[in-house]
Amino acid sequence: MTGTPTPFTADDYEARMRRAAEAATEAGLDGLLVAPGPDLVWLTGYRPGETERLTLLVLRAGQDPVLVVPTLEAPDAAAAAPTLALRDWTDGKDPYEATASLVDADGRFGVSDNGWAMHLLGLQKRLPDSRYVALTEALPMLRAVKDAAELERLAAAGAAADATYEEIRKVPFGGRRETDVAADLADLLRQFGHSQVDFTIVASGPNGANPHHEAGDRVVERGDMVVLDFGGLKHGYGSDTSRTVHVGEPDAEEREVHDVVRAAQEAGVAAVRPGAACQDVDRAARAVVAGAGYADRFIHRTGHGIGVTTHEPPYMIEGEEQPLVPGMCFSVEPGIYLPGRFGVRIEDIVTVTEEGGWRLNTTSREMAIVD
């Protein structure tokens with residue numbers, strides 16, 4: 001996709017809020033309390049800063065949504081979400097008093113995961129019989145199924161990450177620090193349209209055995225395997241891809257491990273289809289790794305959802321029986337990690353279609369040789 005996508009409309013946000021409130025009722029909740037963060041952005045389009053001043057969206061089925069907001073931020077809220085009813089409070093007043101009348105005194109409410117404890121405890125002090133449950137626990141699939149406009153944005157983010165990978169293969173690796181390559185990745189993501197870079201993992205040689213290694217001052221050497229894992233947000237939606245490259249020619253064992261991970265990733269993607277359980281994707285990838293004798297060296301889940309954040313439900317892990325539904329988007333990223341030596345990970349974002357799975361990352365999964 002080129003250019004800027006058509007913005008979401010007030011009707012889009014109203015439909016999301018209505019669907020969320022209805023889902024809360026179906027889950028046995030009296031409503032939802034949504035603090036600043038990804039849930040609020042997805043539901044309303046409003047992205048305030050996260051501060052000590054209370055901002056809270058109250059959603060209840062059959063009632064108009066209300067946003068409790070500091071008076072000094074009310075103009076920005078009104079401009080960002082012009083159809084949303086506001087209830088403002090001023091400094092020196094009790095924000096929980098302003099909120100309490102919107103919440104049943106003995107109600108049970110879902111609360112967005114990133115709400116501040118001080119705000120939740122403040123409301124609970126005002127309403128001691130009220131009860132709360134984390135939104136991820138109560139409604140884990142709230143944002144999981146993407147519509148066409150969201151899929152368009154995710155595809156654009158994936159294409160930008162792919163373009164970044166194609167360019168990073170051209171830069172020198174040997175003799176440079178991991179942080180130098182990571183800075184190149186960040187620059188390229190922004191060059192290809194990312195407004196936010198969330199992570200640029202560059203894990204060379206033995207550092208590759210740490211799946212979430214932070215790029216450091218280690219100098220990349222000839223003969224190193226290098227795990228690259230990078231992503232962020234473009235047009236408000238996430239990218240996340242991993243490839244493992246080699247500085248110079250790899251040896252036979254390095255090729256073998258890479259081939260196993262590539263086969264495991266293919267198996268995981270092949271398991272994606274409507275009605276399959278999330279754990280089926282994990283099982284398919286893990287069976288290949290285990291069959292090659294590396295079961296204890298695959299030390300993380302096979303995948304995670306992606307959307308307005310780069311990590312969100314659903315999760316591809318044993319025990320997750322949530323059925324796959326067309327429109328779900330998630331990573332498929334098996335890996336093998338050999339402590340003190342090297343690691344390999346290959347990751348694509350995949351969306352569920354009526355026929356199976358569609359990769360949003362299309363760069364080669366063969367081992368790339370870099371300088």
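Residues are numbered from 1 along each chain as its sequence is written. In this predicted model, local features need pLDDT of at least 70, side-chain atom pairs count only at pLDDT 80 or more, and totals for chains, interfaces and linings use all residues, while side-chain values use heavy atoms, with hydrogens and water left out.

Trainee: How many aromatic pairs does the structure hold?
Mentor: Rings of Phe, Tyr and Trp (its six-membered ring) pair if their centres lie within 6.5 Å. Planes under 30 degrees apart count as stacked, over 60 as edge-to-face and the rest as tilted. The number of aromatic pairs in the structure is 2.

Trainee: What is the angle between the planes of Phe 8 and Tyr 13?
Mentor: Phe 8 and Tyr 13 form an edge-to-face pair. Their centres are 6.2 Å apart, and the angle between the planes is 70°.

Trainee: Which residues do ring pairs link into a cluster?
Mentor: Phe 8 and Tyr 13 are both buried (under 20% relative accessible area, with exposed over 50% and partly exposed in between; 1.4 Å probe, protein chains only). The cluster linked by ring pairs is Phe 8, Tyr 13 and Tyr 237.

Trainee: Which residue has its charged end over the ring of Phe 8?
Mentor: A charge sits over a ring if NZ of Lys or CZ of Arg is within 6 Å of the ring centre and within 35 degrees of the ring normal. Over the ring of Phe 8, 4.4 Å from its centre, sits the charged end of Arg 16.

Trainee: How far apart in space are Thr 200 and Val 181?
Mentor: Thr 200 has its place in strand 7 (residues 196-204). Strands (E, at least two residues) are DSSP runs, numbered from the N terminus. In sequence, Thr 200 and Val 181 are 19 residues apart; in space, C-alpha to C-alpha, they are 8.8 Å apart.

Trainee: Where does the largest share of the lining of the largest pocket come from?
Mentor: On a 1 Å grid over the protein atoms alone, a pocket is an open set with protein on both sides within 12 Å along at least five of seven lines, and a cavity is a set of points where a 1.4 Å probe fits but cannot get out; lining residues have an atom within 4 Å of a point. The largest pocket has 17 lining residues, and Asp 229 is among the closest to its centre. The largest share of the lining, 3 residues, comes from strand 7.

Trainee: What is the volume of the largest cavity?
Mentor: Grid points are joined across faces, edges and corners, and a volume is the space filled by probe spheres set on the points. Residues lining the largest cavity include Glu 50, Arg 53 and Trp 116. Its volume is about 60 Å³.

Terms used: Helices (H or I, at least four residues) and strands (E, at least two) are DSSP runs, numbered from the N terminus.
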